[in-house]
Amino acid sequence: MNQPPLLQASNSVQAIVIDELTAAVVPILQRRLRNALTTNGANLVVDLEQIQVIDAAGIGLLIATKNSVAEQQGQLRLINVPVPVYNLLKTMRLAGCLNAEPASNDSDEDLDRYFEEAQAA
């Protein structure tokens, strides 16, 4: 299990999530994100480009993080969200709430096509 590094930049923190966002890594991420928000300000950018797996605990952590950031009048952004994860968030009506941005190499047509294929399966 890889621990994601946290990179500080001005009044925000960028958290790179590597491999998975599951119950196995949530406790580690939760502590590190909480410490980063306390130390480096309320704005948080989470880069999900390398994520392979997400589960309910991972989604719960994203929602809890968004709430913590909002309490500090900050903003959470999820960037480079892979198509399957973005579609899951979109289906759960969380993509907008979490300020999720699909990976730049994924067009809206690709997202819609993937969503239709997933529904057909």
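Predicted model: local features only at pLDDT ≥ 70, side-chain atom pairs only at ≥ 80, totals over all residues.
Is N80 buried, exposed or partly exposed?

**View 1. N80, a residue of strand β6.** N80 counts as partly exposed, because its relative accessibility of 23% falls between the cut-offs of 20% and 50%. Its phi is positive, at about 55 degrees, although N80 is not a glycine. Most residues other than glycine have a negative phi.

**View 2. Q73, in the loop between α2 (56–71) and β6 (76–81).** Phi of Q73 is near 55 degrees, a positive value in a residue that is not glycine. Q73 has a relative accessible area of 71% and is therefore exposed, the cut-off for this class being over 50%.

**View 3. The largest nonpolar core, with 29 residues.** The residues with the most contacts inside this core are L21, L44, V46, L78, V81 and L89. At least two core residues are supplied by each of β2 (12–16), α1 (26–40), β4 (43–47), β5 (51–54), α2, β6 and α3 (83–91). Helix α1 provides the largest share, five residues.

**View 4. Surroundings of V46, one of the residues with the most contacts inside the core.** When residues up to four places away in sequence are not counted, V46 touches A15, V17, L76, R77, L78 and I79. Among these partners, L78 is also listed with the residues that have the most contacts inside the largest nonpolar core.

Technical notes
Residues numbered from 1 in each chain as written. Heavy atoms only, no water. Helix = DSSP H or I, 4+ residues; strand = E, 2+ residues; numbered from the N terminus. Buried < 20%, exposed > 50% of the residue type's maximum accessible area, 1.4 Å probe, protein only. Core = buried A, V, L, I, M, F, W, Y, C linked by side-chain atoms within 4.5 Å. Contact = heavy atoms within 4.5 Å.
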